[in-house]
Amino acid sequence: HMPSRTLKIVLTVSLLLNLGAIYVGIKAWEYRTHINHFLNKYTRVVHEFAARDVHLKSNERLAADSTVAGRVVFIGTQVTVNWPLEPSFPSLEPINRGVVGQRLAGFPLRFYSDVVELRPEAVVIEISSFQFRPQYSIEENTEWTLTLIDLAEANGILPIVPTVIPPRAGTVLDEAEDYRVADSVAVFNQQLQRALAGRDLPLCDFAAVMTDNEDGLAVDLSRTAVDINEKGYSVMAEELRRVLHEEGLGSSAK
């Protein structure tokens, strides 16, 4: 009976040890999963939020030691990404530095590599209505915009910040039904126009030329509530060409 009892004890201890090993293994896997989760978040904040890698290779080829005559960099989000710049500005060297869905707070993190090192005469800073959400205050967006203007002027680059194009009339965010993007855009545009006038900078009024009688993005100039169509880009280009021509860049001719 003694050997049998000893065997039972050994088997029991072995079973408990195995169960313990399994438990430790599960906990280690959970810990690793949590670590990877936060590591991925960190990587996204450092790399994706800044988006410095998107245009890095092209920037290396275009970097210059002094101002490049006729060069204009466009920095913005999807409105900029989808803009056919070359045919719109044939007398200039337009460089597209748009990144889809980027927060305005990420622009300064890539402004040096995407704009300053390319030594353009001017930079067009497109701010989309995507930037206006309940969690992003108008004051915050204004501060980031002024920061970008300061960075441009400090490096001898003319900053052109068009007014923000509001979404189509009646557009409401799913996550905040009592929040109207157009209202925040209107307030921001008023603040922007005052800031530009105070700094003696040109006004490129996209909001004025792209809206309909309801003060929203005109249906005939857009594909969706926020995306611009071919005709819309033509209207935007005409307004921007006017401003550039007044500043001695390019031609106002179509």
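**Reading helix packing and a cavity in a predicted model**

Q: Is the crossing in which α5 passes α6 left-handed or right-handed?
A: Handedness tells you which way the near helix is turned from the far one. In this predicted model, α5 passes α6 in a right-handed crossing.

Q: At what angle do α5 and α6 pack, and how far apart are their axes?
A: Think of each helix as a line fitted to its C-alpha atoms. Helix α5, residues 107–114, packs against α6 at an angle of about 20°, and the two axes are 10 Å apart. Because angles under 35 degrees count as roughly parallel, α5 is roughly parallel to α6.

Q: Which residues make that contact?
A: To find them, look for heavy atoms within 4.5 Å. From α5 come Phe107, Pro108 and Phe111; from α6 come Trp144, Thr147, Leu148, Leu151 and Ala152. By class, this contact of α5 with α6 has 7 nonpolar residues, 1 polar and no charged.

Q: Now for the next pair. How do the axes of α6 and α7 cross?
A: The axes of α6 and α7 come within 10 Å and cross at roughly 35°, and α6 passes α7 in a right-handed crossing. On the α6 side, the contact is made by Ile138, Asn141, Thr142, Thr145, Leu146 and Ile149. On the α7 side, the residues are Ser184, Val187, Phe188, Gln191, Leu192, Ala195 and Leu196. Sorted by class, they come to 8 nonpolar, 5 polar and no charged.

Q: How many cavities of 30 Å³ or more are there?
A: A cavity is a space where a probe fits but cannot get out. Here the count is 1 cavity of 30 Å³ or more, and the largest cavity holds about 40 Å³ of space.

Q: Which residues line the largest cavity?
A: The lining consists of Thr142, Thr145, Leu146, Ile149, Phe188, Gln191, Leu192 and Ala195. Two elements give two or more residues to it: α6 (138–154) and α7 (181–198). The lining divides into 5 nonpolar and 3 polar residues, with no charged ones.

Q: Let's finish with a single residue. Where does Ala182 lie, and what is Ala182 in contact with beyond its neighbours within four places in sequence?
A: Ala182 lies in helix α7. Leaving those neighbours aside, Ala182 is in contact with Pro166 and Pro167. As for Arg168, Ala182 is 14 residues away from it in sequence and 8.4 Å away in space, C-alpha to C-alpha.

Notes. Residues numbered from 1 in each chain as written. Predicted model: local features only at pLDDT ≥ 70, side-chain atom pairs only at ≥ 80, totals over all residues. Heavy atoms only, no water. 1 Å grid on protein atoms, 1.4 Å probe; cavity = no way out; pocket = protein on both sides within 12 Å on 5 of 7 lines; lining within 4 Å. Points joined across faces, edges and corners; volume = space filled by probe spheres on them. Helix = DSSP H or I, 4+ residues; strand = E, 2+ residues; numbered from the N terminus. Nonpolar A, V, L, I, M, F, W, Y, C, P; charged D, E, K, R; others polar. Axes fitted to C-alpha atoms, helices over the stretch in contact; angles between N-to-C directions. Parallel < 35°, antiparallel > 145°, perpendicular 65-115°, else oblique.
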